[in-house]
Amino acid sequence: MPLLQADQLRVDLRTHRGSATAVRGVSFALERGDTLGLIGESGCGKSMTALALMGLLPDNARVHGSLKLDGQELVGLPDRDWRRLRGNRIAMIFQEPMTALNPVHRVGAQIAEPLMLHKGLAARAARQRAVELMARVGIPEPARRADSFPHQFSGGQRQRIMIAMALACEPDVLIADEPTTALDVTVQQQILTLIRELVAERGMALVLISHDLGLIAQNVRRMLVMYGGAVVESGPADAVFRQPAHPYTRGLLAARPNLAQRLRAHRSDRLPTIAGTVPELFALPPGCPFAGRCPFTEHACWSEAPPRVDLDGAHRFWCRRAEAVLDAPESIAAGA
Ligand SMILES: Nc1ncnc2c1ncn2[C@@H]1O[C@H](COP(=O)(O)OP(=O)(O)OP(=O)(O)O)[C@@H](O)[C@H]1O
Ligand SMILES: [Mg+2]
């Protein structure tokens with residue numbers, strides 16, 4: 001039984017303009033030690049997927065499909081049961097540490113809190129553990145700094161503190177949604193190295209979300225490429241980067257031809273924009289979400305869901321025009 005298994009996870013949002021589907025059937029399975037990347041342009045549903053995994057969706061959202069942790073169904077779980085899991089078995093690192101940190105509480109107490117809440121540690125033991133965690137994430141003089149407030153730390157240090165808090169209860173699953181976007185490049189690298197080390201050291205499963213191709217390529221073994229709330233391609237990250245199949249993935253990579261060099265130079269890079277814009281959720285066709293931007297689109301692409309096409313290994317993509325796409329040189333497939 002997988003540690004975490006999503007099966008056709010769907011998120012519908014009720015808005016004043018009617019109902020829209022922000023996540024259209026995301027499936028994956030994670031074991032301990034697995035690292036999964038979610039990539040795609042802004043608005044493609046990455047954060048909605050992350051929030052669904054944390055039971056933190058907004059009130060206007062409805063979740064369908066299945067999400068299981070050690071076989072236990074989490075879709076439809078009452079709030080009080082989610083509170084027992086969140087920060088305990090599943091934890092999340094956000095882009096902006098101040099969304100997770102309380103500005104008026106000392107950081108040591110904030111790291112200690114989940115330990116008292118979930119693990120029943122006494123205040124003293126929890127504080128001791130908090131100081132150890134601060135040391136582990138690289139905060140100098142942790143015993144003294146535990147009494148400081150969030151604003152007394154740099155942005156990179158605040159991110160480290162949020163990581164310490166997320167890790168306090170030794171969760172099984174760690175979700176990191178754009179964990180380093182707000183940081184400068186050298187600090188980004190340090191934080192990602194720290195996350196990678198901790199995930200390996202503790203045997204957690206990691207879901208890393210980014211629109212930064214280089215960051216995903218360097219830090220995960222498997223990836224899902226999302227577009228318009230749907231997964232359009234998935235597989236081992238090296239296979240997807242080496243032989244991108246879906247026209248959308250090809251577009252992303254073709255617009256970044258020097259990615260390989262940059263990866264070797266260990267620098268991350270922003271996702272380029274490709275022709276056209278991400279359609280609004282309400283305007284998505286019932287068929288393939290990419291139909292409006294794809295150079296291969298034929299009539300049926302608009303109305304019928306694209307079939308799954310299996311490539312080598314667990315590499316697959318969803319496309320009605322797979323034969324034509326795979327026959328075409330990558331540059332044409334990218335619409336470049
Ligand atoms: N509370 C909400 N109510 C209605 N629609 C929402 C709400 N929050 C987000 N959306 C919409 O859901 C879609 C998916 O958003 P999501 O935040 O998951 O994108 P994302 O992939 O994380 O993008 P980014 O890279 O910008 O973080 C977007 O079209 C967004 O406008
Ligand atoms: Mg997001």
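What follows is a working chat about a predicted model of one protein chain.

Biologist: Before we start, what sort of model is this, and how are residues numbered?

Modeller: This is a predicted model, in which local features need pLDDT of at least 70 and side-chain atom pairs count only at pLDDT 80 or more, while totals for chains, interfaces and linings use all residues. Residues are numbered from 1 along each chain as its sequence is written, and chains are lettered from A and ligands numbered from 1 in the order in which they are written.

Biologist: OK, in what order do the strands of the open sheet run?

Modeller: The open sheet has eight strands in the order S6-S7-S8-S3-S9-S10-S12-S11, with mixed pairing. Strands here are DSSP runs of E with at least two residues, helices are runs of H or I with at least four, both numbered from the N terminus, and two strands pair if DSSP finds at least two bridges between them.

Biologist: Which strands stand at the edges?

Modeller: Those are S6 (90-93) and S11 (308-310), and each has a single partner strand, so one side of each is left without a neighbour in the sheet. From one strand to the next, the twist averages 15°.

Biologist: And how do S3 and S9 run?

Modeller: Strand S3 (residues 35-39) and strand S9 (residues 222-227) run parallel and are joined by four bridges. Within that pairing, Leu36 stands opposite Arg222 in S9.

Biologist: What does Arg222 stand opposite in S10?

Modeller: Arg222 stands opposite Pro236 there, and S9 and S10 pair in the antiparallel sense over six bridges. The two strands form a hairpin with two residues between them, and Gly228 in the turn has a positive phi of about 55°.

Biologist: How many residues of S10 are buried?

Modeller: Six of the seven residues of strand S10 (residues 230-236) are buried, which leaves the strand mostly covered. A residue counts as buried if 20 or more other C-beta atoms lie within 10 Å of its own, as exposed if 12 or fewer do, and as partly exposed in between, with C-beta atoms placed from the backbone. S10 is also joined by two bridges to strand S12 (residues 316-318), the two running antiparallel, and Ser234 stands opposite Arg316 in S12.

Biologist: Changing topic, which domains does the assignment give?

Modeller: It gives domain 1 (30-60 + 78-89 + 172-333) and domain 2 (99-170), with bounds that come from an automatic or database domain assignment. The centres of the two domains, taken over C-alpha atoms, are separated by 31 Å.

Biologist: How many residues are in contact between them?

Modeller: Twelve residues of domain 1 are in contact with twelve residues of domain 2, where contact has C-beta atoms, placed from the backbone, within 7 Å of each other. On the domain 1 side, helix H7 (residues 185-202) provides the largest share, six residues.

Biologist: Which residues touch the most other members of the largest nonpolar core?

Modeller: In that core of 98 residues they are Ile111, Met134, Ala164, Leu174, Val225, Met226 and Val232. A nonpolar core is a set of buried Ala, Val, Leu, Ile, Met, Phe, Trp, Tyr and Cys residues joined through C-beta atoms within 7 Å. Helix H6 gives the largest share of this core, seven residues, and the core draws at least three residues from each of domain 1 and domain 2.

Biologist: What does Ala164 touch?

Modeller: Leaving out residues up to four places away in sequence, Ala164 touches Ile111, Leu133, Met134 and Val137.

Biologist: How many residues of H10 are buried?

Modeller: Helix H10 (residues 247-254) is mostly covered, with eight of its eight residues buried, among them Tyr248, Arg250 and Leu253.

Biologist: Is Arg80 buried or exposed?

Modeller: Arg80 is exposed, because 7 other C-beta atoms lie within 10 Å; this residue lies in helix H2 (residues 79-85).

Biologist: Last one: what is the phi of Glu178?

Modeller: Glu178 has a positive phi of about 50° although it is not a glycine, and its place is in the loop between S7 and H7. Most residues other than glycine have a negative phi. Glu178 is partly exposed, with 19 other C-beta atoms within 10 Å. Gln8, in strand S1 (residues 4-15), likewise has a positive phi of about 50° without being a glycine.

Key
Axes fitted to C-alpha atoms, helices over the stretch in contact; angles between N-to-C directions. Contact = placed C-beta atoms within 7 Å.
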